[in-house]
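Me: I would like to learn how to read a few features of a structure, going from single residues to the whole chain. Please take them one at a time.

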Amino acid sequence: MDKKNDHDEPALAQKLEESGRGLGLLSLIVGLAAGGSVYGIGEHWIEQNNEPALAVTVLQVITSFAAGWLLLAERRDFLRPIIPAAMISLVLAGPTYWLTSHMNGGVTELSGFPLFFWFGVAGPLAAFLLAALAKASLDSGAPPKYTSLFFHGLTLPLIAVGAEIFAGLALVLLYAWAMLLKSMGVDFFQQFFDQAYFTMPFLGAIGGLAIAMIRGQQAVLGALRFIALLLARILMPIMALCSLTFIAVLAIKGAGPIFDKPYPGGMMLGLAFAGMLVFNGVYQNGEGGAPPLWLRLATLITIAAFPVYAGLAAYAFWIRIGEYGLTPPRIAGLAMNTLAFAYSIVCLAGLLSELNWRAKRWMPLVAPFNTLMAVVWVVVLVAVSSPLINVWALSAKSQEARLMSGAADADEFDFGYLRFELGEYGAAALDRLEAASGHPQAAQIRTGVKRARDATSYWEYQHPEYAVTQPVEAPENNGEDSASADSADGPMALEFNPADAPESDAESTGAEPLADNE
């Protein structure tokens, strides 16, 4: 780093440390209240309500607001961050309510992937970016300066993860103490600590207090930041060498071996985003000069390969969608691929900046583009988990269009996927398919629709050989010998170990393999 960079980071670190002093009591109270609210909602609302979507959303709003407030608050200005913390929680509340209401309020079944994607990937990423943008805006005004955005984007996750670790360790220590007392014949504390009305407020209080305490440990946070940035510099030449090797093999053998592997799009996106993280670790806050020549060249090679990874990922998704249509996972993959392509603009800006090789600042165009990309990421992540991009409806229309256009054969089409994975949207598509009398395979389509509706589960649809049929009332026995009937249709006719079972379930049902719908 140069002197300017050294000056900026310590100034921000000192400001963060000073802003956290005196917030211990406030953090304890806010965390205790949030934990108590989590217990109350979980115990008295979610479990006693048949439609818990609103309860889950309120719970998410409370926890995200409390965490955001404590991360953004400052000793001399702890009220102003309430507004951005509330805005962050409300932005996250929209997709949470929409997804949970669909999963819990519908009669037909829906794929749970959008809910998993939101709570496991999109929601946490959006919350992180919003918190970093809000904190940088509070420090430097709007629009936020990239120097502050980079610093808080690197520091806030360390504080949040550290608070979670300390809260977990505190609970473990508490249980160890209770077990010690129980071995001495006192089991009251273990019974008390096992109750949710104690555990939830305790974890909230310790987590809130830990946030304030960790913010004051700038020496530790500074060391962790140094390790993360040093790791990026170590990984950069390794990634550059891997990128050169990959491109050389790609030029010799083509992309065929890549697309022969499972999930080629996800693999290429993983490489692209790994390169993005390492690049930002080397670039840092955009205020310094160029790094040493070996690191500079390695960085240029890595960012030049970024569009290659993004392009291969897009091609992989294009092939898969062309063959099997849209599904919720593929739509999420396309959204992430869109973000990867958008970041190619940042890489291009960095490469163009290198035309001025002796510039005082290294790649000056990257800093403002990075700030813009943070906003774009939030918009895309929220949109793909909201009614703006209804992944279930889009998937149902795509699958229906494949069949109606003749791209898919009715005898091999997976009607069960519409019935059991796309909910009301799939049911509506089945209605339209059943009414399509002018289709060349109208009879096969009606047969497939009926089989999907007659099945009680997706597993039963895919395994019709194991379907349980309705019992038929036995005719009255008028004294006739029933041996012939028993031998033809009775229990002895069942094959307990059938030897002629098909090699794959997809072949026996005529449905597409499950992997095609992932």
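Me: Where is the place of Phe-188?

Reply: This is a predicted model. In it, Phe-188 belongs to helix H7, which covers residues 188–193.

Me: Is Phe-188 buried or exposed?

Reply: The relative accessible area decides, and exposed means over 50%. Phe-188 has 51%, so it counts as exposed.

Me: Which helix holds Ser-398, and is Ser-398 buried or exposed?

Reply: Ser-398 sits in helix H15, residues 391–405. The cut-off for buried is under 20% relative accessible area. Ser-398 has 15% relative accessibility and is therefore buried. Apart from neighbours within four places in sequence, Ser-398 is in contact with Gly-325 and Leu-326.

Me: How does the reach of helix H2 compare with the expected one?

Reply: The expected figure rests on 1.5 Å a residue. H2 runs over residues 24–46, 23 residues in total, and spans 31 Å from first to last C-alpha, close to the expected 33 Å.

Me: Which residues of H2 are buried, and what covers them?

Reply: The buried residues of H2 are Ser-27, Val-30, Gly-31, Ala-34, Gly-35, Tyr-39 and Ile-41. Their cover includes helix H3 (53–72) and helix H8 (196–215).

Me: How do the axes of H13 and H14 cross?

Reply: Helix H13 (residues 328–353) and helix H14 (residues 366–383) have axes that come within 10 Å and cross at roughly 170°. Angles over 145 degrees count as roughly antiparallel, so H13 is roughly antiparallel to H14.

Me: Which residues make that contact, and how do they divide into nonpolar, polar and charged?

Reply: From H13, the contact residues include Ala-335, Met-336, Leu-339 and Tyr-343. From H14, they include Phe-369, Asn-370, Met-373 and Trp-377. The residues of the contact divide into 15 nonpolar and two polar, with no charged residue.

Me: Now the whole chain: how many helices and strands does the protein chain have, and how much of the chain is buried?

Reply: The protein chain has 21 helices and zero strands. Of its 518 residues, 44% count as buried. The accessible surface comes to about 26,900 Å², and carbon and sulfur atoms account for 67% of that surface.

Me: What share of the contacts joins residues at least 24 apart?

Reply: The contacts to consider are those between residues at least 6 apart in sequence. In the protein chain, 77% of these join residues at least 24 apart.

Terms used. Residues are numbered from 1 along each chain as its sequence is written. This is a predicted model: local features need pLDDT of at least 70, side-chain atom pairs count only at pLDDT 80 or more; totals for chains, interfaces and linings use all residues. Side-chain values use heavy atoms; hydrogens and water are left out. Helices (H or I, at least four residues) and strands (E, at least two) are DSSP runs, numbered from the N terminus. Buried means under 20% relative accessible area, exposed over 50%, partly exposed in between (1.4 Å probe, protein chains only). Contact means heavy atoms within 4.5 Å. Accessible areas come from the Shrake-Rupley method with a 1.4 Å probe; for residues, only the protein chains shown count as cover. Axes are lines fitted to C-alpha atoms, for helices over the stretch in contact, and angles run from 0 to 180 degrees between N-to-C directions. Angles under 35 degrees count as roughly parallel, over 145 as roughly antiparallel, 65 to 115 as roughly perpendicular and the rest as oblique. Ala, Val, Leu, Ile, Met, Phe, Trp, Tyr, Cys and Pro count as nonpolar, Asp, Glu, Lys and Arg as charged, and the others, Gly among them, as polar. The expected span of a helix is 1.5 Å times one less than its number of residues.
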